[in-house]
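Please look through the sequence and the 3D view below before reading on.

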Amino acid sequence: MPYVGKAMDRKRNARRRQLSGAHTAWTWNATYPVGTRVRYWPIYPPIESVPPVDTVTRSEAWALGDGSVVVCVDGQAGGVHLSHIEVIP
């Protein structure tokens with residue numbers, strides 16, 4: 001049986017890039033400086049028992065090895081994927 005792992009990895013990574021809101025780290029950083037007010041969902045898609053958290057960004061965004069774009073926010077260790085983030089106007 002042939003190994004199909006690489007093909008599946010490429011499809012999964014392409015889907016993750018789509019879900020990142022079409023932002024690259026560069027476009028996010030050009031639009032939203034460190035300290036931007038955001039709302040993030042610890043669990044995505046949102047569920048009623050886990051409310052979103054209002055906070056601010058504490059780093060510039062960066063791309064992970066699989067192409068996912070993440071940013072650090074106050075109150076959360078590590079990066080939060082941009083699909084979990086909504087900018088508060």
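Predicted model: local features only at pLDDT ≥ 70, side-chain atom pairs only at ≥ 80, totals over all residues.

Residues are numbered from 1 along each chain as its sequence is written, and side-chain values use heavy atoms, with hydrogens and water left out. The protein has 2 helices and 6 strands, where helices (H or I, at least four residues) and strands (E, at least two) are DSSP runs numbered from the N terminus.

**Overall make-up**

- Among contacts with a separation of 6 or more, 44% are between residues 24 or more positions apart, a contact being heavy atoms within 4.5 Å.

**The sheet S2-S1-S6**

- Three strands, in the order S2-S1-S6, form an open sheet with antiparallel pairing; two strands pair if DSSP finds at least two bridges between them.
- Strands S2 and S6 (85-87) stand at the edges of this sheet and have a single partner strand each, so one side of each is left without a neighbour in the sheet.
- From one strand to the next, the twist averages 35°, based on axes that are lines fitted to C-alpha atoms (for helices over the stretch in contact), with angles that run from 0 to 180 degrees between N-to-C directions.
- Strand S1 (residues 37-40) is joined to S6 by 3 bridges in the antiparallel sense, and Arg 39 has Glu 86 in S6 as its bridge partner.
- As a general point, strands of a sheet pair through backbone hydrogen bonds, either parallel or antiparallel.

**The sheet S3-S4-S5**

- A further open sheet of 3 strands has the order S3-S4-S5, again with antiparallel pairing.
- The edges are taken by S3 and strand S5 (79-81), and since each has a single partner strand, one side of each is left without a neighbour in the sheet.
- S3 and strand S4 (residues 69-72) run antiparallel and are joined by 2 bridges, with Val 69 in S4 as the bridge partner of Ala 63.

**Two residues in the loop between S2 and S3**

- Thr 57 lies in the loop between S2 and S3 and is buried, with a relative accessible area of 4%.
- The side chain of Thr 57 reaches the backbone nitrogen of Gly 35 at 3.0 Å, and a polar atom of that side chain lies 3.5 Å from the backbone oxygen of Pro 33.
- Leaving out residues up to four places away in sequence, Thr 57 touches several others, including Trp 28, Val 38, Val 71 and Cys 72.
- Ala 61 is found in the loop between strand S2 (53-56) and strand S3 (62-63), and Ala 61 is buried at a relative accessible area of 7%.
- Beyond its neighbours within four places in sequence, Ala 61 is in contact with Ala 25, Trp 28, Asn 29, Val 69, Val 70 and Val 71.
- Although Ala 61 and Pro 33 are 28 residues apart in sequence, their C-alpha atoms are 9.4 Å apart in space.

**Asp 54 in strand S2**

- Asp 54 lies in strand S2 and is partly exposed, with a relative accessible area of 49%.
- Asp 54 and Val 38 are 16 residues apart in sequence, while the distance from C-alpha to C-alpha is 5.9 Å.
- The side chains of Asp 54 and Arg 39 make a polar contact at 2.7 Å, meaning a pair of N or O atoms within 3.5 Å, where within protein one must be able to donate a hydrogen and the other to accept it, and residues adjacent in sequence count only if both atoms are side-chain atoms.

Methods. Buried < 20%, exposed > 50% of the residue type's maximum accessible area, 1.4 Å probe, protein only.
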